[in-house]
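Reader: I am new to this structure. Please show me how to read its features.

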Amino acid sequence: MKKHIITGIKLTAICLVFFSGIYTLFILGVAQITPNKGKGEIVEVNGKKQYVNIGQSFTEAKYFNSRPSAVAYNAAGSGGSNKGPSNPEYLAEVQKRIDTFLLQNPEIKKSEIPADLVTASGSGLDPNISVQAAKVQLKRIAKIRKIDEQKLVHLITENTEKPLLGLFGPDKINVLKLNIALEKLK
């Protein structure tokens with residue numbers, strides 16, 4: 001028994017040194033060779049610095065809507081709602097989002113609304129929407145901004161990010177970058 005306790009203490013000490021020291025310094029070193037030294041991509045909009053990799057709320061009709069957040073886009077408390085698809089409270093919240101979207105986009109049918117426009121991501125901070133989610137908002141934005149829809153289609157195409165190595169994940173669009181480009185379109 002004494003042999004196992006000593007072995008356990010040694011293993012704990014080795015793991016403590018490795019994971020709190022060596023591994024942490026290794027990750028810090030890798031971050032230093034990345035763009036912006038591991039701090040994420042930052043853009044300045046109207047004199048305010050914003051992180052591109054953290055979801056942000058865009059609810060005005062003149063902008064592309066972002067994905068809903070279960071944590072009100074608060075990066076300090078990232079997380080999902082943990083409510084299942086049969087939870088009545090969750091279903092009511094999703095229905096409210098659907099109703100709001102249909103009010104803003106009356107020419108869209110309920111069946112055409114992509115799930116990422118009415119459901120929050122697991123972290124609640126997803127900065128991206130699907131290409132379909134951007135395209136379903138075209139008519140509203142073109143009408144409000146008095147912009148040709150083809151210009152908006154081109155804007156969406158220019159801001160579409162392809163999957164990692166062309167294999168991992170779907171095409172996606174960063175909503176902040178898309179809305180910044182939309183503002184510059186004038």
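Author: Two strands pair if DSSP finds at least two bridges between them. Strands (E, at least two residues) and helices (H or I, at least four residues) are DSSP runs, numbered from the N terminus. Here, strand 4 and strand 5 are paired in the antiparallel sense, over two bridges. Thr 160 has Ile 173 in strand 5 as its bridge partner. This is a predicted model, where local features need pLDDT of at least 70 and side-chain atom pairs pLDDT 80 or more, while totals for chains, interfaces and linings use all residues. Residues are numbered from 1 along each chain as its sequence is written, and side-chain values use heavy atoms, without hydrogens and water.

Reader: What is the order of the three strands in the open sheet?

Author: The order is 3-5-4, with antiparallel pairing. Strand 3 (128-129) and strand 4 are at the edges with a single partner strand each, so one side of each has no neighbour in the sheet.

Reader: Is Leu 167 buried or exposed?

Author: Buried means under 20% relative accessible area, exposed over 50%, and partly exposed in between (1.4 Å probe, protein chains only). Leu 167 is exposed, at 65% relative accessibility. Leu 167 sits in the loop between strand 4 (160-161) and strand 5 (172-174).

Reader: Where does Phe 26 lie?

Author: Phe 26 belongs to helix 1 (residues 2-32). With a relative accessible area of 54%, Phe 26 is exposed.
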